[in-house]
Amino acid sequence: MDKRNLKWTGAALASVIALWAGSAAADDIRFMCAADGNECATLEALFARYEKDNPGTHVVIDVVGYKAILENLPVQLAGGTGPDMALVTDFGGLAKYFLDLTPYVDANYWNTNFGNTLRWSRTGPDDKGIYGMNIQLTITGAYINKTLFEQAGVAVPGEKATWDEWAEASRQVAKATGVPFPMAMDRSGHRIAGPAISNGAKIFDDAGNPILVDAPFADFMGKFVNWNKDGTMAKDVWAGIGGTSYQDAAQEFINAQLVFYYSGSWQVQRLDKAIGDSFDWEVVGSPCGPAACSGMPGGSGLVGFKQTKNPEAVAKLINYIAQKDNYAEFIGKTRNVPAHEGVAKEGVAYTDASQNVAKALKGWNAQIAKLSPIAYSYQGYKNSRTMYNITVQRVTQAIVGEMSIDEAMEKAKQDVEAAIQSAGK
Amino acid sequence: MGKIFTFLTRTRGIGRLHWTDWASYAYLLFGIVIMFGPVLWLVLSSFKSEAELQRFPPTFLPYAQEMISIEGYDKPLPLFEITNGEFAGKQAGQVRRIGLVSQLVRPEAPKDLIKMPLADRKPVERIDFAFENYGDLFKRFDFLRYLWNSVFITTMATLIMLLVNSMAAFALSKYHFRGRSTVLAMIVGTLMVPQTVVLVPLFLITRELGMLNSLWGVIIPGAATPTGVFLLRQYMLTIPDEILDAARMDKASEWKIFWRIVLPLSAPAIAVLAILAIMWRWNDFLWPLIVLSQNDKFTLQLALNSFQGQLTTQWSNLLAMTVLVLVPIAIVFAFLQKYIATGIASTGGK
Amino acid sequence: MTAVLNAIMNIIEIPMRFAQRRLGLRRIAWVFLLPNLILFGIFAFLPVILNVIYALTGTDQVMLNDRTFVGFDNFITLATCTNHLDPNTCTQDLFWRAIYNSLWFVTLQVGFMVGLSLVTAIVLNGKIRARGFFRSVFFFPVLLSPVVVALIWKWILQREGLLNAGMDAFGLTPYNWLLDRNWAFIWSIFLSVWAHMGFYTLILLAGLQAIPRDVYDAALMDAATPFRTFRRITLPLLMPTMIVVLLLALIKGVQTFDEVYAFTGGGPGSATTFIIQYIYETGFAGTPRLFGLAAAASILLAIVLIGLTLIQLSVTRNKADG
């Protein structure tokens, strides 16, 4: 073996060893973040401000795809290798890993301002813990293409209008204007839960056990399936894809092929940017049913994990964001609906937002009061994601004709029972 | 079936183009359109703006609306062509739109505001490449670090895999020893199990070995792909044992036989496997997603995924990134495919 | 690069020489096998064993010691049907749908894959100009990640996609391809063949080029017809390669997941839900994470696949040894 070879070999080995050793972790707060808009960047700016006043704290943000939060984070947490803090959406499912902030914060302030959403991560009425904060509230509801209504000369249904009235009006508009789809709803069990609850679905029985399917629930699903079959609903959205995959209809709405689009508050910025000046659109919220005019609440929560080595630092950091001024600043910059009840009451100044966006966000803020208590408890229930997925899967099968709606509902009922059995109530 | 003829006509000497040659070229041309067209479209689409990407029906080239500066208006106005009525055929800037009525102004008469139904004008567009889709990537995150991580993982995993797999393939094809069938069955058995179905146990093992959030956690499990052993073994079986025996006569060590004789003779198979390995590691997504959760360890594929939020996706940046991720591997392929060509030629001619 | 490689190889030779002296020619094979066996044992074989433990335990816990032993319950749950031919009557109806879908898919996909690859390899092996370029063209899609493949074709095939726009321009009625169960299935086959045939073409091409030219020259002397030459000479000489290709295509076919999942999500309904998607959604992506059920399904799958391979392999061995 000649000398040159030896030198090369040594260098190669050394660099490999150096790389291996170079991966030692510092004692930081690791924050896993996935968001649709500028939430992660805005939080980073706020954290930076906090770090300046509290030199001991250093936050490292790991910006990931939502898929990582949904599929990877739970496994990591179960394996004890998760981050210190994260932005999560599955409150119920991950609640057992959440850090209780109570020892480090003013519980009274938290309970007054985040009462509705704090319940989502609590295990029951006796649980008084504070398990993180909703950085925003999302609300499901509808947008309409107002220009199409004008063009068709159809009056926009009023605030108390029912789903049937909206369906009728949308059909008329679509017919008059030659638009292919009267209505569409995002493919999501969360989206369709609002109308079902408005229709009288209870989701839980009197003892608080999850049942998902009852007569009003099945009734609305049946109606929904029929609407898909007769062309009232854009069939592409639910039937065009399988499994539990999410699918929206924003593209159809943006391209003015859709009259009534049932989605949620998070679409405001996207619609504003993509539609621009092409047509007028408006937030109309959730149509009414016999029981309510409710959509579903949702949103992401900033939470700490029990596994963290710096619980106090994590708690104080979250508490900092929860302070009214900081929270309002965050909401204003990210164009969201506040979950902080104090901020919501005073109203948010959406700085530099276009007129359209400001108007739409105001529309969404007004929807908060219409949310049914069942909607809140469903969203906060531990197995809610499971139940959303079951809804999507089974209703789609009924739409594409793999089974009848009755069979689908029967299957959904069995699925819920089986899931509860293996995951616990 | 014409293509089968073509293959046979290759021995028919040089001459006029036979109809089978026409058929071959037609087939190949069709192949270009089907195989390459979609990729080309992807590349072009990566230069479209976010709004343009959402538009129905999709265009082949990226367009943007032409803007026009008109006297008396501070900002440039979007340019439209009037299609109907008094001013048909003229171009005008749109001042504003109210409901179904558009208010336009012509550059030649900046004071004269025209009102007309929306349907009577159509936007004037020009081809416009949104290079900022690419620029954003470098602003948004540490692109070079992700590139380095990806390159490191791909290179290491490929080298380890090639070495380890070819050694095993050599043992399994050139030695008769007890337990060979068992080992072979085990390897082929694991070939059956896709990584997707063992994600959870694999995660536990990697965690126990302390390889989470380390690039080695992606490299080492990735190197244990049975496909490589299988492919190489099948190829090495075709190498005559006499060559090995001759070398043994010359007192060459078994290791020397392996890497001075068998490896060079297996070059085409190794080149194929190298391309596959590079491609697998480079495009690997699900496993890195589980092992690597810290930004500074991210690969390009993971960074790519961070454009996908819960409910919305930033297509323009995602597509730009997709194209960028594609470039290195295309270059590697261009380089290696020559090597396959010569490798095949040399073994074919022996 | 070569210098580094030489250096590494030379270093490895020292212990190998020593090992050879101590162990002799016969047992040195194990030394060659060892690194691979260690990696295999830990990262490929052990997970399979752990999967068996998962399959025999229940609940949605990840850590093995938190799980409760349930015996064969997971297998029974999978197998429970009133009528096995009607998935709606099964407890896990999606499992059975996935099985039937996979059966159809694999049969058709492998057929098209191998057939088209063979045709392409033969054309590319012919007397054509710019062969390197054309070979690259057919191989290029193999380089794309599954998500990208799905994305491209989704945009082409969706209701307002490029294909429909093109059809509209030619005066044909656009069709909602991905909303039709059969078409979605056909396009899924197309997509996976499109994405992977380059790989098999390359292997077959290597096989074709390894056939010595003089064999053909002899055939030409005998004035054999092209078809006869193909059937009597090319095909038999290509057989070992064909078997490798067939086996790999079969295995990869059954394992098809990423690109179709990103393409149709398994829909419409469950028309393109295949077995790996069922396992993935049951055990990993869905909630609650029923690892046990997923593991049980994967074990059943592995058993079937190993059976298929053993049959194939015995054929290969006869060819190779005989």
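Modeller: Two strands are taken to pair if DSSP finds at least two bridges between them. The model is a predicted one, and in it strand β5 (residues 101-106) of chain B and strand β6 (residues 109-117) of chain B run antiparallel, joined by six bridges, so this pair meets the criterion of at least two. One of the positions that can be followed across the pair is B:Leu104, whose bridge partner in β6(B) is B:Ile114. Between the two strands there is a hairpin, through which two residues link β5(B) to β6(B).

Strand pairing in chain A builds an open sheet of five strands, in the order β2-β1-β3-β10-β4 and with mixed pairing. At its edges stand β2 and β4 (133-134) of chain A, each of which pairs on one side only. Within the sheet, strand β3 (residues 85-88) of chain A and strand β10 (residues 301-304) of chain A are held in the antiparallel sense over four bridges, and here A:Leu87 is found opposite A:Leu302 of β10(A).

Turning to the helices of chain A, helix α9 (residues 215-230) has 16 residues and spans 22 Å from its first C-alpha to its last, which is close to the 22 Å expected at 1.5 Å a residue. Its buried residues are A:Phe217, A:Ala218, A:Phe220, A:Met221, A:Phe224, A:Val225, A:Trp227 and A:Asn228. These buried residues of α9(A) pack against α7 (163-177), β6 (181-185), α8 (189-198), α10 (235-239), α18 (384-400) and α19 (405-423) of chain A. After α9(A) comes A:Gly231, with a positive phi near 90°.

A:Arg335 is not a glycine, yet its phi is positive, at about 60°, and its place is the loop between α14 (324-334) and α15 (341-346) of chain A. It counts as buried because 25 other C-beta atoms lie within 10 Å, where the cut-off is 20 or more. B:Asn213, likewise not a glycine, has a positive phi of about 55° and belongs to the loop between α7 (199-208) and α8 (216-223) of chain B. With 18 other C-beta atoms within 10 Å, B:Asn213 is therefore partly exposed.

In chain C, the peptide bond from C:Gly267 to C:Pro268 is cis, with omega near 5°, and C:Pro268 is located in the loop between α10 (258-264) and α11 (275-285) of chain C. Elsewhere in chain C, C:Ala19 is part of helix α1 (residues 2-55) and is partly exposed, because it has 19 C-beta neighbours inside 10 Å. Leaving aside residues up to four places away in sequence, C:Ala19 touches C:Ile28 and C:Val31.

The contacts between chains complete the picture. Where chain A meets chain B, the contact takes 36 residues from chain A and 25 residues from chain B. On the side of chain A, α3(A) gives the most, with six residues, and by class that side has 13 nonpolar, 13 polar and ten charged residues. Where chain B meets chain C, 78 residues of chain B and 83 residues of chain C take part. Helix α2 (residues 19-45) of chain B supplies the largest share of the chain B side, eleven residues, and this side is made up of 57 nonpolar, 17 polar and four charged residues.

Finally, the domain assignment divides chain B into domain 1 (2-45), domain 2 (63-127) and domain 3 (133-348), with the C-alpha centres of domain 2 of chain B and domain 3 of chain B lying 57 Å apart.

Terms used: Residues numbered from 1 in each chain as written. Chains lettered and ligands numbered in written order. Predicted model: local features only at pLDDT ≥ 70, side-chain atom pairs only at ≥ 80, totals over all residues. Domains from an automatic or database assignment. Contact = placed C-beta atoms within 7 Å. Nonpolar A, V, L, I, M, F, W, Y, C, P; charged D, E, K, R; others polar. Expected span 1.5 Å × (residues − 1). Buried ≥ 20, exposed ≤ 12 C-beta atoms within 10 Å, placed from the backbone.
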